[in-house]
Amino acid sequence: MSRIGPVAAILGAVLLFFGTYLHPMSADPNVPLAAFSEYARDSHWVASHLMQLFGVLLMASALALLCRQMANGPAAEWAFLGIVGAVASAAVAATLQAVDGVALKAAINSWAASPAFNKSAVFQAAFAVRQIEMGLASITALLSGLTFSIVGIALLIDRQLPRWFGILAIAGGVPTAIAGIAIAYTGFSDLSMEINLPASSVLLIWMIAWGVFGWTHASP
């Protein structure tokens, strides 16, 4: 067992946590005018979203490396699906951050700086970008939730790690996937956030736990 995966897991979880912590959250994300006004004042927007992006990419890499360790065992097929899911999740997450972290901020800044006579039209353009972001956020949560669930099943079958690792991955993955469906139907509503935030926290805890366990049990 290499220490590259555990390091990626811990560093990815830390980056994602701090990137999310820096994200403004006072305004209701499902009320565009209030949300855009808050986002326009945020000077850390691009940096926080890049932190989230690199965090997700590192976490996806850690999952892929973990699945690679199970490639020749009884959970080989599930592990292969886990690798596919990790790659797909990373790709969609990168697209999400391109839209949310770069395009949306540019559109909102343009709206905030527009003269009164042009503000409504620019707002609608920013709102359109927001809808694309919402769709990508939905699919990102759905794919990542399914991927963690698949990895959890693989861990339960493979049995190289303690059983609770598999159970915890499924416990965080299933509600994350459900949150993705909720976002698809209700947007960034209270319902979707109430499902997604606790589930995401479970997955971050799982990542750090796996990182610590993997580091302590890795070959020197």
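Visitor: Why does R130 count as buried?

Guide: The relative accessibility of R130 is 3%. Buried means under 20% relative accessible area, exposed means over 50%, and partly exposed lies in between (1.4 Å probe, protein chains only). At 3%, R130 therefore counts as buried. The model is a predicted one, in which local features need pLDDT of at least 70 and side-chain atom pairs count only at pLDDT 80 or more, while totals for chains, interfaces and linings use all residues. Residues are numbered from 1 along each chain as its sequence is written, and side-chain values use heavy atoms, with hydrogens and water left out.

Visitor: Where does R130 lie, and which residues does R130 touch?

Guide: R130 lies in helix α5, residues 116-158; helices are DSSP runs (H or I, at least four residues), numbered from the N terminus. Not counting residues up to four places away in sequence, R130 touches P29, A35, F36, Y39, L104 and F188. Touching is contact, that is, heavy atoms within 4.5 Å.

Visitor: What makes a polar contact of the side chains of R130 and Y39?

Guide: Their separation is 3.1 Å. A polar contact is a pair of N or O atoms within 3.5 Å; within protein, one must be able to donate a hydrogen and the other to accept it, and residues adjacent in sequence count only if both atoms are side-chain atoms. The R130 and Y39 side chains make such a contact at 3.1 Å.

Visitor: Why is α2 called roughly perpendicular to α5?

Guide: Helix α2 (residues 32-40) packs against α5 at about 95°, with the axes 11 Å apart. Axes are lines fitted to C-alpha atoms, for helices over the stretch in contact, and angles run from 0 to 180 degrees between N-to-C directions. Angles under 35 degrees count as roughly parallel, over 145 as roughly antiparallel, 65 to 115 as roughly perpendicular and the rest as oblique. The helices α2 and α5 are therefore roughly perpendicular. P32, L33, A35, F36 and Y39 of α2 make the contact with F123, A126, F127 and R130 of α5. By class, the contact of α2 with α5 has eight nonpolar residues, no polar ones and one charged. Nonpolar covers Ala, Val, Leu, Ile, Met, Phe, Trp, Tyr, Cys and Pro; charged covers Asp, Glu, Lys and Arg; the others, Gly among them, are polar.

Visitor: How do you know what α3 and α4 are to each other, roughly parallel or roughly antiparallel?

Guide: Helix α3 (residues 45-69) and helix α4 (residues 76-113) pack at about 175°, and their axes are 9 Å apart. They are therefore roughly antiparallel to each other. The contact of α3 with α4 divides into 16 nonpolar, five polar and three charged residues.

Visitor: How many aromatic pairs does the count come to, and what makes the pair of F17 and F18 edge-to-face?

Guide: Rings of Phe, Tyr and Trp (its six-membered ring) pair if their centres lie within 6.5 Å; planes under 30 degrees apart are stacked, over 60 edge-to-face and the rest tilted. The count comes to 10 aromatic pairs. The F17 and F18 rings have centres 5.3 Å apart and planes at 80°, so the pair is edge-to-face. Y39 and W45 form a tilted pair, 4.5 Å centre to centre with 45° between the planes. Both Y39 and W45 are buried, whereas F17 is partly exposed at 45% and F18 is partly exposed at 42%. One aromatic cluster is formed by F148, W164, F165, W206 and F213.

Visitor: Why does M207 count as buried?

Guide: M207, in helix α7 (residues 190-216), has 0% relative accessibility and therefore counts as buried. Beyond four places in sequence, M207 touches A9, A13, M59, A62, L63 and F148. The C-alpha atoms of M207 and A13 are separated by 6.4 Å, although the residues are 194 apart along the chain.

Visitor: What phi does R159 have?

Guide: R159 has a positive phi of about 70° and is not a glycine. Most residues other than glycine have a negative phi. R159 is in the loop between α5 and α6 (163-186), and its relative accessible area of 68% makes R159 exposed.

Notes: Helices (H or I, at least four residues) and strands (E, at least two) are DSSP runs, numbered from the N terminus.
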